[in-house]
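Let's take a walk through this structure together, one part at a time. Have the view open as you read.

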Amino acid sequence: MTVVAIQTFLSLCYLCGLGPTLLLMRPDESPRRLVVMPVVGLCAYILFALPLAQFYLTGSAITPIALVFFSLLAVMGYRKSRITRKELRDCAPAILLGLFSAAVCGWPLIRSGYGNYWGLANPDQAYLMPVMDWVKAHTFGAPSDYHDGETLRGVKVQVLFAIYYVMAAVSRITTIPAGLLFNVTELCLVYMVPGSVYALSDALGLPRRTCITSAALIACSSLVAYTFYLDSLGALTVITVTPVAVALVLRFIRRPAFSTAVTFTIVCAASCYG
């Protein structure tokens, strides 16, 4: 079931990113839309879920609404601009490097299973598991034990990440408890990191060989692996999203357009809550 959970998380991100990238990005521009698609999808789901959460919907209740919305968006995008074989060939190295990075970093998780693998380097996972389960089954908030310190609407800001709503969706689809998807979520972010760095290198106008080299180096990076094993979900989210955000800024500077601004806004706004 661990592999199924990973596939479900990534499929959800690709589904949510399919419509926005096909509708807002051209296939011949950098950064390549297929490379940034999962990151854009992750951010798009966050931005979609947060407003609905303000209307007292649980994370589980938001899931079917989001699936219908993003499926319709994907159909609209596919009708406007389909993914070509050339795009697949151009983006294949970044995707394969993401799979390599996830396999190298995540083999203990895949081997042990999500129910048995625990990152013991820091207590974040055990501390935050009740919050993840709460987000799935309750409206916006956290258990009463987490209401001390600096708060947002009565909830301690250090414990409520918007990415929990994506985890709640995966939990709803797979029936795996949301709290046990902590490491699965981190591993999926590890998969996205090489693509994010590839997108940034591409946006900087570097040669394709250099883009692949930079993605390969980050795929083997001890910093990414250390962050994964340290169970730093917030830090890993920043490592994943920031290169794509910078790449989209460079794209907007190079060719100012409404579609570019919308894509950039989706990623940057979601990163504030991710």
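Start with a lining that divides into 8 nonpolar residues, 1 polar and no charged: that of the largest cavity. (Ala, Val, Leu, Ile, Met, Phe, Trp, Tyr, Cys and Pro count as nonpolar, Asp, Glu, Lys and Arg as charged, and the others, Gly among them, as polar.) The residues to look for are Tyr14, Leu34, Val35, Pro38, Ala94, Ile95, Tyr191, Met192 and Gly195. Two or more of the lining residues come from each of H2, H4 and H7. Helices here are DSSP runs of H or I with at least four residues, numbered from the N terminus.

Before going further, a word on what you're looking at: this is a predicted model, in which local features need pLDDT of at least 70 and side-chain atom pairs count only at pLDDT 80 or more, while totals for chains, interfaces and linings use all residues. Residues are numbered from 1 along each chain as its sequence is written, and side-chain values use heavy atoms, with hydrogens and water left out.

The largest cavity holds about 60 Å³, and the structure has 3 cavities of 30 Å³ or more. On a 1 Å grid over the protein atoms alone, a cavity is a set of points where a 1.4 Å probe fits but cannot get out; a pocket is an open set with protein on both sides within 12 Å along at least five of seven lines, and lining residues have an atom within 4 Å of a point. Points are joined across faces, edges and corners, and the volume is the space filled by probe spheres set on them.

Now for a pocket. At least two lining residues come from each of H1, helix H4 (85–112) and helix H7 (182–203). By class, that makes 10 nonpolar residues, 1 polar and no charged.

Next, look at the aromatic rings. Rings of Phe, Tyr and Trp (its six-membered ring) pair if their centres lie within 6.5 Å; planes under 30 degrees apart are stacked, over 60 edge-to-face, and the rest tilted. The count comes to 5 aromatic pairs. Tyr45 and Phe70 are stacked, because their ring centres are 6.3 Å apart and their planes are at 20°. Since Tyr45 lies in helix H2 and Phe70 in helix H3 (residues 59–80), this pair ties together parts 25 residues apart in sequence. Phe48 and Phe70, with centres 5.4 Å apart and planes at 65°, are edge-to-face. That pair also runs from helix H2 to helix H3, so it ties together parts 22 residues apart in sequence. Ring pairs link Tyr45, Phe48, Phe69 and Phe70 into a cluster.

(Buried means under 20%, exposed over 50%, and partly exposed in between, with a 1.4 Å probe and protein chains only.)

Finally, find helix H11 (residues 258–271), with its 14 residues. Its buried residues include Ser259, Thr263 and Val267. Among the parts covering them are helix H1 (2–24), helix H2 (33–53) and helix H10 (233–254).

Terms used. Expected span 1.5 Å × (residues − 1). Contact = heavy atoms within 4.5 Å.
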